[in-house]
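This report goes through a few local features of one protein model. Please look at the sequence and the structure first.

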Amino acid sequence: MNTPIEHSDEYWMAKALRLAERGLYSTSPNPRVGCVIVKDNRLIGEGWHQQAGGPHAEVHALRMAGDQAQHATAYVTLEPCSHFGRTPPCANALAAAGVARVVGACRDPNPQVGGRGFQHLRDAGIEVTESCLQAQAEALNTGFIQRMRSGLPWVSIKLAQSLDGRTAMASGASQWITGPDARRDVQRLRARSCAVITGASSVLIDNPSMTVRPAETGIEQPEHLWRQPLRVVIDGQQRLSGNEKLFNQSGDILLAVTDPTRVTVQRAAELGQLTLWQSPPTRSGKVDLPALLQFLAAQGHNEVLVESGAHLAAAFVESGLVNELVLYCAPTLLGSSARPLLVLPLESMQQQMRWQWQDIRMIGNDLRLTLRPEQDQPG
């Protein structure tokens with residue numbers, strides 16, 4: 001008889017990470033977490049956190065394992081919680097189940113946990129191994145980690161351009177530069193975001209709904225797990241009337257303004273789906289973008305997607321608020337009079353803003369380029 005292959009910690013943690021990925025579109029404001037329980041080199045329990053307020057990954061896995069969890073090993077992609085929130089502490093549940101060992105991928109950056117979960121397990125006599133596939137686990141929760149550490153959400157900017165770096169014709173017409181596969185990919189990007197930010201100019205030109213359309217994502221997920229991101233519209237000059245398409249779609253809207261007494265979107269306010277956020281004063285008289293992001297983070301928004309025109313996108317870049325640029329490049333030319341990707345007042349090579357490649361791949365007949373700011377900029 002052949003002896004079963006003894007799988008490594010990395011093997012089982014990779015399985016737990018694949019489970020955690022199932023919560024990519026549904027766990028906000030909580031992190032995405034997966035858990036597997038193994039005994040005698042055999043999987044006896046598995047689970048993933050599906051939705052805020054619901055059972056955590058460890059609870060699902062322990063329920064499946066039952067009494068077999070005693071003396072088993074649990075693999076968890078994030079440190080088990082040690083505090084009472086909407087649900088009881090998972091560290092307590094693992095200890096009560098009698099597991100002998102817990103392997104964790106990374107520590108929970110939440111100050112309420114921050115090592116206390118692992119210490120609780122050690123105090124209960126459980127062997128704890130940390131930092132197994134840590135980088136992969138942190139990549140799955142960049143927004144949650146950033147919000148806990150800095151008080152700001154993870155900010156991505158989505159842009160689509162032609163080969164010659166243009167985003168729209170001089171008239172503003174831009175539908176469609178990219179193909180249907182890229183547009184489906186954008187739906188998935190939007191679906192994993194807690195909030196989507198745009199500007200009044202984009203609303204007036206494109207009249208978007210800014211909603212997630214599940215059927216277009218290609219993602220199979222139970223209907224109750226779908227959620228709509230908060231739609232944030234920056235309207236510093238109060239140009240919107242309230243008759244735009246997005247105000248007629250279900251879902252919450254945050255209107256960021258500088259003077260709430262001038263707001264004219266009363267119809268949307270009467271429907272109860274609109275919240276006004278007044279920006280603190282700025283020298284330019286425009287909406288304070290860092291303050292807006294701090295407010296969104298305080299409301300539990302981990303990942304924010306900016307889908308806007310060249311001016312607002314550039315303002316986020318200039319302010320150093322962008323963590324990631326997702327650029328879709330279509331094999332087409334729009335010409336020199338078409339609108340540029342970003343409106344940045346750069347005049348010398350010393351002012352250039354360099355980025356680091358993170359990922360390059362084909363999406364249908366378009367390229368998706370993912371970049372992050374280079375830490376050491378010229379000058």
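In which strand is Thr167 found? Thr167 is part of strand β7, residues 166–168. The model is predicted, so local features need pLDDT of at least 70 and side-chain atom pairs count only at pLDDT 80 or more, while totals for chains, interfaces and linings use all residues. Residues are numbered from 1 along each chain as its sequence is written, and side-chain values use heavy atoms, with hydrogens and water left out. Strands (E, at least two residues) and helices (H or I, at least four) are DSSP runs, numbered from the N terminus.

**Thr167**

With a relative accessible area of 17%, Thr167 is buried; buried means under 20%, exposed over 50% and partly exposed in between, with a 1.4 Å probe and protein chains only. The side chain of Thr167 reaches the backbone oxygen of Pro340 at 3.4 Å. Leaving out residues up to four places away in sequence, Thr167 touches Ala160, Ser174, Ile177, Leu334, Arg339, Pro340 and Leu341. Contact here means heavy atoms within 4.5 Å.

**Helix α11**

Helix α11 covers residues 289–298, and its buried residues include Leu289, Ala291, Leu292, Leu293, Leu296 and Ala297. Asp288 caps the N-terminal end of α11, with a side-chain oxygen 3.0 Å from the backbone nitrogen of Ala291. After α11 comes Gly300, whose phi is positive, near 95°.

**Cysteines**

A disulfide is a covalent bond between the sulfur atoms of two cysteines. Here a disulfide is counted when two cysteine sulfur atoms lie within 2.5 Å. A search of the whole structure finds zero disulfides. Cys90 is thus listed below with the nearest cysteine sulfur, that of Cys81. For Cys132, the closest cysteine sulfur is in Cys106, too far for a bond.

**A nonpolar patch**

Which residues make the nonpolar surface patch? Trp357, Ile360, Met362 and Leu367 make this patch of about 430 Å². Patch residues have over 30% relative accessible area and no salt bridge, and nonpolar side chains (Val, Leu, Ile, Met, Phe, Trp, Tyr) are joined within 5 Å, like charges within 9 Å. A salt bridge is a side-chain nitrogen of Lys or Arg within 4 Å of a carboxyl oxygen of Asp or Glu. Strand β15, residues 355–363, gives the most to the patch, with three residues. Met362 is in β15, and at 51% relative accessibility Met362 counts as exposed.

Key: Polar contact = N/O pair within 3.5 Å; in protein donor to acceptor, adjacent residues only side chain to side chain. Areas by Shrake-Rupley, 256 points an atom, 1.4 Å probe, with all protein chains shown as cover.
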